[in-house]
Structures are given as structure tokens and as C-alpha cells.
Amino acid sequence: MEAQAQEAMAGMGGMPSAEQLQQQQAQMQEMQEQRTAILEQVLEPEARSRLNRIKLVREEKAISLENQIISMATSGKIKQKINEELLIKMLEGGGQGEKKTSVKFQRRNYFDDDDDDNDDDLL
């Protein structure tokens, strides 16, 4: 009776069953293996190791670059293996859309503050 209730809950948007979780994990693992296989085919070992080092520091940027490489590979735009130099160029070119962070200090002026802090006025 409880098994039917759990299945009904899973069907109505409740907690997914253990089988569904296992299937999702298997699909995620398969997708990750496909990504890795494609990257191994199109990247030279030096480029792949650089991409892995970048992933340690800036994971979102590395994933974005991986997606770009995979889409280029699947559409047939890559004719030869990507070396480390080309990967660096792709990294430099891909950062153009990012917003640079800047900090601007705006100091408040009080009524007794003079614009010029010249102490010669006191003489």
C-alpha cells in the first residue's frame, strides 16, 4: 500500500523515486562521458590540461569554453586538433562579453568642508 502511495506522490510532482534518481544520475554521467570523449578528440593533451587547470579556478568560464568547443566540433567547424595557443586565443576572445568590475568611491561633502583644503586660509 505504501509503495502505491509513493508512486502516486512521484507521479504528482512529489519526491522522485530511487529509480528515477538513478536514471537521472546515469543520464548525467553518460552526458559527461560524451563531453569528455568529444573534448579528448578535438583537444591536444596540453590544451586539455590547461582547460582542466582553468576549470579549477574559474569553473563557469571553463564550462562555457567547453560548450563552445563542443558546439564547434559537432557542427564540423574544427578541422584539426586545438592546441594550447589556440585555446588561449579562444579564452581571450571569449572574455569580450564579460563586464569588468569597477569600484568608485564617492565621498560625501559636509557643510563645513571646503573644496580646497588649503590651510593658508587660516593665516
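Let me start with a helix pair: α3 and α4 pack at an angle of about 140°, their axes 6 Å apart. Axes here are lines fitted to C-alpha atoms, for helices over the stretch in contact, and angles run from 0 to 180 degrees between N-to-C directions. The two helices are therefore oblique to each other. On the naming of angles: under 35 degrees is roughly parallel, over 145 roughly antiparallel, 65 to 115 roughly perpendicular, and the rest oblique.

Before going on, the ground rules. This is a predicted model, where local features need pLDDT of at least 70, side-chain atom pairs count only at pLDDT 80 or more, and totals for chains, interfaces and linings use all residues. Residues are numbered from 1 along each chain as its sequence is written, and side-chain values use heavy atoms, with hydrogens and water left out.

Back to the pair. Which residues of α3 and α4 make the contact? From α3, they are L51, I54, K55 and V57; from α4, E59, A62, L65 and E66. Contact means heavy atoms within 4.5 Å. By class, that gives five nonpolar, no polar and three charged residues. The classes: Ala, Val, Leu, Ile, Met, Phe, Trp, Tyr, Cys and Pro are nonpolar, Asp, Glu, Lys and Arg are charged, and the others, Gly among them, are polar.

Now the overall picture. The protein has five helices and zero strands. Along the sequence, the pattern is α-α-α-α-α. Helices (H or I, at least four residues) and strands (E, at least two) are DSSP runs, numbered from the N terminus. Of the 123 residues, 15% count as buried. Buried is under 20% relative accessible area, exposed is over 50%, and partly exposed lies in between, with a 1.4 Å probe and protein chains only. Take contacts between residues at least 6 apart in sequence: 68% of them join residues at least 24 apart.

Next, α3 by itself. This helix covers residues 45-57. At 1.5 Å a residue, its 13 residues should span 18 Å, and the end C-alpha atoms are 19 Å apart, which agrees. The expected span is 1.5 Å times one less than the number of residues. Its buried residues are A47, L51 and I54. Seen down the axis, they fall within an arc of 60°, so they line one face of α3. That arc is taken from the directions from the helix axis to the C-beta atoms.

On to α4, residues 59-74. Its 16 residues should span 22 Å, and its end C-alpha atoms are 22 Å apart, which agrees. Buried in α4 are K61, A62, L65, E66, I69 and I70. After α4 comes G76, with a positive phi near 85°.

Leaving aside neighbours within four places in sequence, E66 contacts R35, L39, L51 and K55.

Then α2, residues 18-42, which packs with α4 at about 75°, axes 10 Å apart. Those two are therefore roughly perpendicular. R35, I38, L39 and V42 of α2 meet I63, E66, N67, I69, I70, A73 and T74 of α4. By class: seven nonpolar, two polar and two charged residues.

Last stop, I78. It sits in the loop between α4 and α5 (84-94). I78 is buried, at 19% relative accessible area. Where sequence neighbours up to four places away are not counted, I78 touches V42, I69, M72 and A73. I78 and V42 are 36 residues apart along the chain, yet their C-alpha atoms are separated by 7.6 Å.
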